Amino acid sequence: MRKNEFLYRVGQFFKVLLSHPDEAQLKKVSQILEPDQYGLFMQLQNSEQAHAIYVMEAIEKEGYQDKDFLKAALLHDIGKIVHPLKVWERVMAVICRWINPDCLDDLDETDIKGWKRGLVITKKHPEWGADMIANSNASPELVEIIRKHHEGEIEAKEPRYQSFLLLLRAVDDNN
Ligand SMILES: [Fe+2]
Ligand SMILES: [Fe+2]
């Protein structure tokens, strides 16, 4: 990572950390999500809500307007409401993967304590979120996208879901 890129990333990190959604954005979210999903969304930290809305708006600009895609963008990190990440844990997770991209591989839920807590949340939140959303009024594709939003392939009838997943990952990584 070059110095300019590093500084840009640090700047983005704090910008996102301090951001929160405005009323108009939350109204739009409430019109896209089912009422129980909106209830879950509101349990996310403000910065996580702002991140999800940023991802949704970026996805929308790329022409993905179907409700399932917008819901997936808004709910992709919903598993983080189970165990909210503290700031230093986010930093730790970024640094750990920067040093060693495989550093999450051997972790499981029993490690969710001490300095490993943030790493376990980073690894497991897609699974927690997918299980949670499976209990709401969600399509199997939506659940699958949330489960695989960081890695893996989804089983969907339409190829558009596969290309959406790649776009979601790219936008997510950029923010
Ligand atoms: Fe995520
Ligand atoms: Fe995300």
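This is a predicted model: local features need pLDDT of at least 70, side-chain atom pairs count only at pLDDT 80 or more; totals for chains, interfaces and linings use all residues.
Reader: Which residues make the contact?

Author: Helix 4 brings Ala52, Val55, Met56, Ile59 and Glu60. Helix 5 brings Phe69, Leu70, Ala73 and Leu74. Eight of these contact residues are nonpolar, none is polar and one is charged.

Reader: Why is helix 4 called roughly antiparallel to helix 5?

Author: Look at the angle. The axes of helix 4 (residues 46-61) and helix 5 (residues 67-75) cross at roughly 150 degrees. Angles over 145 count as roughly antiparallel. That makes the pair roughly antiparallel. The two axes also come within 7 Å.

Reader: What makes helix 8 largely enclosed by the rest of the structure?

Author: Burial does. A residue is buried if 20 or more other C-beta atoms lie within 10 Å of its own. In helix 8 (residues 140-147), seven of the eight residues are buried, so the helix is largely enclosed. Among them are Leu142, Val143 and Ile146.

Reader: What covers the buried residues of helix 8?

Author: The cover includes helix 5, helix 7 (117-134) and helix 9 (159-174).

Reader: Which residues have the most contacts inside the largest nonpolar core?

Author: They are Ala73, Leu74, Ile133 and Ile146, in a core of 29 residues. Helices 3, 4, 5, 7, 8 and 9 each supply at least two residues of this core. Take Ile133. Beyond its neighbours within four places in sequence, Ile133 is in contact with residues including Leu142, Val143 and Ile146.

Conventions. Residues are numbered from 1 along each chain as its sequence is written. Chains are lettered from A and ligands numbered from 1 in the order in which they are written. Axes are lines fitted to C-alpha atoms, for helices over the stretch in contact, and angles run from 0 to 180 degrees between N-to-C directions. Helices (H or I, at least four residues) and strands (E, at least two) are DSSP runs, numbered from the N terminus. Angles under 35 degrees count as roughly parallel, over 145 as roughly antiparallel, 65 to 115 as roughly perpendicular and the rest as oblique. Two residues are in contact if their C-beta atoms, placed from the backbone, lie within 7 Å. Ala, Val, Leu, Ile, Met, Phe, Trp, Tyr, Cys and Pro count as nonpolar, Asp, Glu, Lys and Arg as charged, and the others, Gly among them, as polar. A residue is buried if 20 or more other C-beta atoms lie within 10 Å of its own, exposed if 12 or fewer, and partly exposed in between; C-beta atoms are placed from the backbone. A nonpolar core is a set of buried Ala, Val, Leu, Ile, Met, Phe, Trp, Tyr and Cys residues joined through C-beta atoms within 7 Å.
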